[in-house]
Structure formats: C-alpha cells, structure tokens
Amino acid sequence: MLRTPRKRDLSLPRPAVLGMPRALIWGYVGVLLFMIGDGVETSYLPAYFKTDLGFAEAGVGVVFTVYGVTAAVGAFLAGGLCDLWGPRRVMMAGAACWVVCHALMLAVAVPAHSYPLVLATYGLRGFGYPLFAYGFMVWIMAGAPERQLGKALGWFWFCFTMGYPVLGSALVSFLKPSIGFYHTLWASLAMIVAGALVVLLLLRERTGFQGLSRESERVSLPRTFLGCFTVMFAEPRVGMGAVVRLINTTSQFGVWVFVPLYLVDQVGFRAQEWASLLIVMMVSNLACVVLFGALGDRWSRRGTVAWLGGVVSALACLALYYVPEAVGHDYLLVAIAAGALGVGMAGYVPLPPLMTAQAPERKGQIMSAYTLGAGASMALGPLIGTLFIGSLGVGGVMWIYAALHLLSTVLVLCIKTPEPRTEPGAPAVVHHAERRETAALTAPSRGL
C-alpha cells in the first residue's frame, strides 16, 4: 500500500547548517567574499602610497586616519539605517560606496598621483565595509532564531576574520608577484562585486528587505540616529554592553602597536616572529568564535562573555608581558600567550543578543551602540598606550588593558535578561534558551 508523503510544515524554521541559519547562508558567503576583497590591501597599501605614489609619511598617516574615522562612523550608522531602510538596502549602499570610491581611486586618483583625490576617494570608501558587514550582522540579529543567535554570530565573525585579513592577505601574496599591486587592487574590486551580487541575487530571507523599526517609529533620519545614542541611557544595560564591546578589542589594537616594540626591541624577537605570533592569535580566534557562540546558546551568554571573554583576555594581556619577561625569547610560550588573547577576544561573541534582549523592538539602534563601541576601540587601544607607556612602560599598559577586561566582566554580569514582553492578556511564551539564561541569572556563578 502506497503512503501519501507528508507535507513539510512550512511554518517551521528550516534547519541550520553547522549552526548557520539556512535562510541566511548566502549572506555569510557574500560577507566572506566582500571581506577578502577588503583585506587585499592589508599591510601593502601604506607602502604603496609612500613608495609608488611618493606621498609623505605624515600624509599617508592622515589618509588612514580619515579612513578610520569614516569606518567608525559607518559602523555606527549601520544599525540605525537598518531600522529605516532594512539590512539589504544598507548592505547594497555599503557595496556601492566601496565600488564607486575604489574605482575612482584606481582610475583617476592613483594615475594622477593626486594626494587630495586619494584622500577623498579612499577616505570616503571607509563607509563601505561597515555598512555591508554590520548590515548583515543586524540582519542576523533580526532573522536568525533566538536559540541559534550565538552560533549565527560566531559564523559571522568567522567569515569576517577569515576574509579580513587571512584570505585577503593570502590573495595579495599570490597575485602581487605576477600582476603587481596596482592590478591586484582591481582584483579586490572584483571580489567586492562578487560578494555584493551574491547577497543581492541569492539572499532571499525576507526580514532584511524592510526597515526593522515599527512604522510609527520610522519618523526621520535624525531622530533615528539620536535614538542610537539615547537608547544607551534609556536602557542603561545597553550602555553597559556598548562599554563591554569597546573593551573587547581595545587591548587587541593596543597590543598590535606596542607589544612588538617590546618583543623586538627588548626581548630579541625578530619582526617575522612577531608576524607569525599575530597569525597564531587570529587562528586561535577563528577556532573559537563559533564554539563560544554555541556555548553561549547552550550554557549562558553572560557566563561566556564574562569568564571566557573578560577573564581570559585579562590573563592573556598579562601573560604577553610577563611570560617573555620571565623566560625571554621562548617562542612557544609567547605563542601560547598570544593564542590565549585570540581565545579571549572570541569569548565576547554572545554579547549582541544580551544587548538586544533589553529592548527587542530597537534592535537596529542597539546594534549601532554595539558597533560604536567596536569602532571606538580602534582609537582607544593605541591612545591608552600613547598616554601611559612613557610613565608606566609596556607592563603598566598591559595592566591597564587587563583591568579593563576585568571591568567588562563585572559589567556583563550586571546585564540581566529581562522578562519576555507580552501583550496584555496574551500567554507568556518563553523559549528554551531564555529559560536557560534566566536559570543562569538566579543560580550561583559556576566555574568552567
């Protein structure tokens, strides 16, 4: 007797693939391709501007400072624009900005050796990658099932970091010897276009096709961006989360500047060894971002950020100074310390769901607060070292970074998950992940 095949319940979410929501998979592919294109210029572009175009060293510094400012502003704008336009339009706006500015730089500014045009085109291009990449991160927060948010965000950071700087640097190393760096920059443009087309043509998850805020709140652009600031005060735990995100990578950007000065000039490491230590740091980070995202989903997001993020990062900062201070030029032990910092940075992956749980109806604005912290850390990390290395030395600076990570542990333990909000008369529905998180709030702190 033939059985009538069962119809699949279309109301149920499609299963995830290794923790990636199936409906968003093409977004991950697009971000990976985009960040490969963005990472092609890593480490080579400053020398190209100085040597091939003849710009002064101070002028090159100004170019990258302007780029850093626009990138930070773009990161902040991404969440608010997602509220107004929807993540898909924000991503396409970022891709268009990147493509137009990069093409003008290569076709007009570079051949003319024009410093003002390079400053304008490359500086404005800084808006591109944060709008594209962080636009997709907001899409994940809005479209992924709540129980999978940690893993989904872990895969986002895996694709982001794998593209920039890992595969981007590998691509330029492969292409530059044969076609030269200028033509390699054109190849990066092709990667950006490919990533944008993947999202435009293949990513069909409907949440990202429209603005995320309620119709009544979609009043004006200035009011939306004002809300990106005021949400940190209206919901103080969102403000705490923004500070935690600021601390997350503050030490990373400071370590990249000041630790090599210590290891190379005082301990005796070679510059190539420091470069390989950076690879160890990033590989260990890549190995843990998805794992810690999943751990946050299954165990506790607060616990993962507090103990594996804050505490591990604090210990790693101190180890990066005291291990070589104690044992000298021992590459293996210093590599373990560098890898530990990569692990600690990955521990902060489950932070966004903790923040958006405070006001789910304002996800875009909350993610702007999150990305504002991310952008500001690029400046704060080196600034701390600049201000204190003369009086406290490298060891004192690393203690400041460690203290900040411990402060982030205290702050994140104060970010409690609020009770689910329901309409009057409606039954309360609590997801399993929310039950686990609430249980973690009421239970005594557990060790790992």
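## Charges over rings

A charge sits over a ring if NZ of Lys or CZ of Arg is within 6 Å of the ring centre and within 35 degrees of the ring normal. Arg245 meets this test in the present model, which is predicted. Its charged end sits over the ring of Tyr370, 5.3 Å from the ring centre.

Arg206 provides another case. The charged end of Arg206 lies over the ring of Phe209, at 3.9 Å from the centre. Phe209 also belongs to an aromatic cluster. Ring pairs join Phe209 there with Tyr28, Tyr129, Tyr134, Phe136, Trp139, Phe156, Trp157 and Phe160.

## Overall make-up

The chain has 448 residues, and 50% of them count as buried. Its secondary structure consists of 15 helices and 0 strands.

Take the contacts in the chain with a separation of 6 or more: 83% of them come from residues 24 or more positions apart.

## Stacked aromatic pairs

A pair of aromatic rings is described by the distance of the centres and the angle of the planes. Searching the whole structure gives 27 aromatic pairs. One of them joins Phe34 and Phe132. Their ring centres are 4.1 Å apart and their planes stand at 10°, so this pair is stacked; the cut-off for stacking is under 30 degrees. Phe34 is in helix 1 (residues 25-39) and Phe132 is in helix 6 (residues 128-143), so the pair ties together parts 98 residues apart in sequence. Both Phe34 and Phe132 are buried.

Tyr67 and Tyr122 form a stacked pair as well. Here the centre-to-centre distance is 4.6 Å, with 15° between the planes. Tyr67 belongs to helix 3 (residues 57-85) and Tyr122 to helix 5 (residues 115-125), so the pair links parts that are 55 residues apart in sequence. Tyr67 is buried, and Tyr122 is buried too.

## Helix 3 against helix 4

Helix 3 also packs on helix 4 (residues 87-109). The two axes come within 7 Å and cross at roughly 125°. Helix 3 and helix 4 are therefore oblique to each other.

Which residues make the contact? Helix 3 contributes Ala78, Leu81, Cys82 and Trp85. Helix 4 contributes Pro87, Arg89, Val90 and Ala93. By type, the contact residues divide into 7 nonpolar, no polar and 1 charged.

How values were computed:
Residues numbered from 1 in each chain as written. Predicted model: local features only at pLDDT ≥ 70, side-chain atom pairs only at ≥ 80, totals over all residues. Heavy atoms only, no water. Phe/Tyr/Trp six-rings, centres within 6.5 Å; stacked < 30°, edge-to-face > 60°. Helix = DSSP H or I, 4+ residues; strand = E, 2+ residues; numbered from the N terminus. Buried < 20%, exposed > 50% of the residue type's maximum accessible area, 1.4 Å probe, protein only. Axes fitted to C-alpha atoms, helices over the stretch in contact; angles between N-to-C directions. Parallel < 35°, antiparallel > 145°, perpendicular 65-115°, else oblique. Contact = heavy atoms within 4.5 Å. Nonpolar A, V, L, I, M, F, W, Y, C, P; charged D, E, K, R; others polar.
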